[in-house]
Amino acid sequence: NAKRYYLDPERIILVGDSAGAQLASQYAAIHTNPEYASLFGLKRDKVTIKCLGLNCGVYDMGKRGAEKRKGLVLDYLGKDIPTNDPRLDVFGAVTKAYPPAYITTAYNDHLRDDAEPMFRFLTGKGIPCGWKCYGTPAQKDIGHVFHVNILKPEAIACNDDAATFFRKYL
């Protein structure tokens, strides 16, 4: 349907917020690692993911699965999936083919502690990345998925920074 929707399948930017950031990061690993894709019974799509926008997400599902076997993690994984299930090991599935990523969070994002480790992990693998924490500790209204409120100066800055990063890879 690329022609129908005027899409260029060779220039895809995958962006996700919160759980969507986790899904985007995991899908990028599935898309760039055939062995990992086979764990899900998936084959590579005929598109090129040029870069990722990962906003306010959880990225180390193996760690989160072991630490947080409740709430949203159980909704995502199901109660019967063991914490050592290889599908949870997104970090172990990242290869050099993983796309460049711009990772964002805010000082008052309850998932803030997941952003910088993802940045460090990807850059340690040689994957081009950007990372920024927006707002200040005193700004209680700049928290989880803050960038969606496009009237806030921090959201404007975040979205502009991400667009600048994306342009480098298109």
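How many strands form the open sheet, and in what order do they lie? Keep that in mind as you go. The model on your screen is predicted.

**Stop 1**

Four strands make up an open sheet. Their order is β1-β2-β3-β4, and they pair in parallel. Now look at the edges. These are β1 and β4, residues 129-134, and each of them pairs on one side only. From one strand to the next, the twist averages 10°.

**Stop 2**

Select residues 12-17. This is strand β1, and isoleucine 13 sits in it. Is isoleucine 13 buried or partly exposed? Its relative accessibility is 30%, so isoleucine 13 counts as partly exposed. Together with Ile13 they form a nonpolar patch on the surface. The accessible area of the three together is about 220 Å².

**Stop 1: strand β3**

Move to residues 101-106, which are strand β3. Colour them by burial. Six of the six residues of β3 are buried, so the strand is largely enclosed by the rest of the structure. Next, show the side chains. Ala101, Ile103 and Thr105 point one way from β3. Tyr102, Thr104 and Ala106 point the other way.

**Stop 2: the partners of β3**

Which strand pairs with β3 over four bridges? Select residues 49-55: this is β2, and its pairing with β3 is parallel. Find glycine 53 there. The bridge partner of glycine 53 in β3 is tyrosine 102.

Then go to β4. Strands β3 and β4 pair in the parallel sense, over six bridges. Pick out two pairs of residues here. Isoleucine 103 stands opposite tryptophan 131 in β4. Threonine 104 stands opposite lysine 132, also in β4.

**Stop 3: over the helix**

Select residues 112-124, which are helix α6. With β3 and β4, helix α6 makes a β-α-β unit, and this unit is right-handed. Trace the chain from the strand through the helix to the other strand.

Now click glutamate 116, which is found in helix α6. At 27% relative accessibility, glutamate 116 counts as partly exposed.

Methods: Residues are numbered from 1 along each chain as its sequence is written. This is a predicted model: local features need pLDDT of at least 70, side-chain atom pairs count only at pLDDT 80 or more; totals for chains, interfaces and linings use all residues. Side-chain values use heavy atoms; hydrogens and water are left out. Patches are made of residues with over 30% relative accessible area and no salt bridge: like charges are joined within 9 Å, nonpolar side chains (Val, Leu, Ile, Met, Phe, Trp, Tyr) within 5 Å. Accessible areas come from the Shrake-Rupley method with a 1.4 Å probe; for residues, only the protein chains shown count as cover. A salt bridge is a side-chain nitrogen of Lys or Arg within 4 Å of a carboxyl oxygen of Asp or Glu. Helices (H or I, at least four residues) and strands (E, at least two) are DSSP runs, numbered from the N terminus. Buried means under 20% relative accessible area, exposed over 50%, partly exposed in between (1.4 Å probe, protein chains only). Two strands pair if DSSP finds at least two bridges between them. Axes are lines fitted to C-alpha atoms, for helices over the stretch in contact, and angles run from 0 to 180 degrees between N-to-C directions. A crossover is right-handed if, with the strands pointing away from the viewer, the path from the first strand over the helix to the second runs clockwise.
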